[in-house]
Amino acid sequence: MEKLMSETDYLNAMLNGAGTATPDQQAILEHPRKGARSTLVRIKGEAGTGKTFCLLAKLLGEAGRYPRDPRERWARQPVLFVCFNREMANYARHLIHPFPQAPLIHVTTFDSLVVGLMLKHLEKNPRPGTSDGPAPSVDYSFELVRAAMQEVAQRHPEERSKYYLDAANKRNVRWVADELSWLEASYGSETDAEVMYLSAAREGRGTNRRPGKAARSIILEIWLEHHRLLANANRFTVEQAVNELMGTAGLPCYNVIAIDEAQDLSVRSIQLLLKLRRDSQSRVYLSADEGQKIYQRDFLWKSLDADATGTTYTLRDNKRNCAAVRDFAERLRSGRGASLPLLDTSTVHLLHGDEEELVGLAADLAAREDQATMLVGGPEWDAKLRVAGVAVRNPLLQEDEFRRRFGSAGRSGQGAAPADSGRARKEVDVTQPGLYVMSELKAKGLEFDNVIVPTLQPFADDDDSERRLRYVHFSRARRELYVFLNDTTPGWLQATYPDLL
């Protein structure tokens, strides 16, 4: 088996010039070279090429240039690292913790940063008529989306069975919630949306559902009703906060900003982060991989900042996955396998097994004292593993502990579970040996020695989105990948791995 360095050793070696960095990575670490004036640095690369390590190594190097100012909070942390979710934030904090520059780097999720700024903004500028009501809070639940759908369905009884009004179906509610988020992120105002949304192109929306003009008109009604319900409850969405903060003065400023997983943020969201630069010379580093794009945002490099001088680096060498896992995952990027070379299946295992066999495998891998294993799944696996006596290193918090830590709003500001689920996972160091359970989207940016994918039942609405999601799951494995096949083989799987099936 190939020798793969631990995360900490890899980062240390990069910083110490021990020959670990590839030429492409070294070019990023040495940026800006003599005469270079780039203030917007774009880092592209596939899974396993070390984009996150490059960002963290670069920030540690940059942080040493700025003395801390004890009089100003934001000057005490002049460097900002923004990532996708709280698991990634916890992971990044752990990786940089041993370095003396770590206190100068503010590590946060995008949601946590935006929600915190929005709450401070509303503290100084409360909304009219909210002084006697509940305190402002972010809304991550689907309850108000469902209520908005139900209200609009009463106005259109002849349409109430359609997917955009049938609130009894959870999948429909999730689709409408995503559509409303896209609306919020794409248009600066309700007026803009009413003019442009009805005929907007839908390329890249990643769904088989293609609402026509009449359906979009009703979706706009749901959006406006959702706004009304949010205002009555003194709640706001992250996308609403982004729009409001774009016109706000007095935001914190940073000398250097790094944005991880930029492909899953909207252009408007990234433009808000660019507003946090201390001045026009403050550098911003963005890493992105279109192959791992899960949320259908309008991410385009050229739309970010017309005034910034940009440089793009592309990382090509994979040093974080073994060759078999890398080749297996790479097939998903093209969606075809018949014309490609046979795969090495020594460390990639396609299994037909029942739940008992799966739990037995999880127990065996969890017992390995030098390896970390991830099982891709939701809370139902906690109970199954507990019954079998298999310890999970990031178990779900109990209801009372959840409420004590996160309150009735259901979020800690670090991306905890939605309020209507009553569950959140314990934050732990995912580099430590043991078994971790991660839901479909939580593992982005992380890596584990072994990964178990217990089912290939569809998660997304279309094959392209499903392949991107599974690409993320498969490419998290450094050493061994175990994929359990269902009775019904998805079409995308048959097209991608015909020689293995």
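Biologist: Which loop holds N394?

Modeller: N394 is found in the loop between α15 (380-387) and α16 (399-406). Helices here are DSSP runs of H or I with at least four residues, strands are runs of E with at least two, and both are numbered from the N terminus. This is a predicted model, so local features need pLDDT of at least 70 and side-chain atom pairs count only at pLDDT 80 or more, while totals for chains, interfaces and linings use all residues. Residues are numbered from 1 along each chain as its sequence is written, and side-chain values use heavy atoms, with hydrogens and water left out.

Biologist: Is N394 buried or exposed?

Modeller: Buried means under 20% relative accessible area, exposed means over 50%, and partly exposed lies in between (1.4 Å probe, protein chains only). N394 has 3% relative accessibility, so N394 counts as buried. Across the protein, 56% of the 501 residues are buried.

Biologist: What does N394 touch?

Modeller: A contact means heavy atoms within 4.5 Å. Not counting residues up to four places away in sequence, N394 touches R425, K426, V428, L435, Y436, V437 and M438. A polar contact is a pair of N or O atoms within 3.5 Å; within protein, one must be able to donate a hydrogen and the other to accept it, and residues adjacent in sequence count only if both atoms are side-chain atoms. Here a polar atom of the N394 side chain lies 2.9 Å from the backbone oxygen of V437.

Biologist: Now to the sheet: in what order do the six strands lie?

Modeller: Two strands pair if DSSP finds at least two bridges between them. The open sheet runs β3-β2-β6-β7-β1-β8, with parallel pairing. Its edge strands, β3 (105-109) and β8 (310-315), each pair on one side only. From one strand to the next the twist averages 15 degrees. Looking inside, β2 (residues 79-83) and β6 (residues 256-259) are parallel and share four bridges, and V79 has V256 as its bridge partner in β6.

Biologist: Which strands does helix α12 lie across?

Modeller: For angles, axes are lines fitted to C-alpha atoms, for helices over the stretch in contact, and values run from 0 to 180 degrees between N-to-C directions. Helix α12 (residues 267-274) lies across β1 (40-45), β2, β6 and β7 (283-288), at about 160 degrees to β6. The helix is mostly covered, with six of its eight residues buried: V267, S269, I270, L272, L273 and L274. Those buried residues pack against β1, β2, α6 (110-124), α11 (238-245), β6 and β7.

Biologist: Which residues touch the most other members of the largest nonpolar core?

Modeller: In soluble globular proteins, nonpolar side chains tend to be buried together. A nonpolar core is a set of buried Ala, Val, Leu, Ile, Met, Phe, Trp, Tyr and Cys residues joined through side-chain atoms within 4.5 Å. The largest one has 66 residues, and F81, I105, F448, F474 and L481 touch the most other members. Helix α3 (residues 51-63) gives the largest share, eight residues. A second, separate core of 31 residues includes F236, A241, V242 and I257.

Biologist: How many disulfides does the structure hold?

Modeller: A disulfide is a pair of cysteine sulfur atoms within 2.5 Å. The structure holds zero. As for individual cysteines, C83 is buried, with a relative accessible area of 2%, whereas C253 is partly exposed at 26%.
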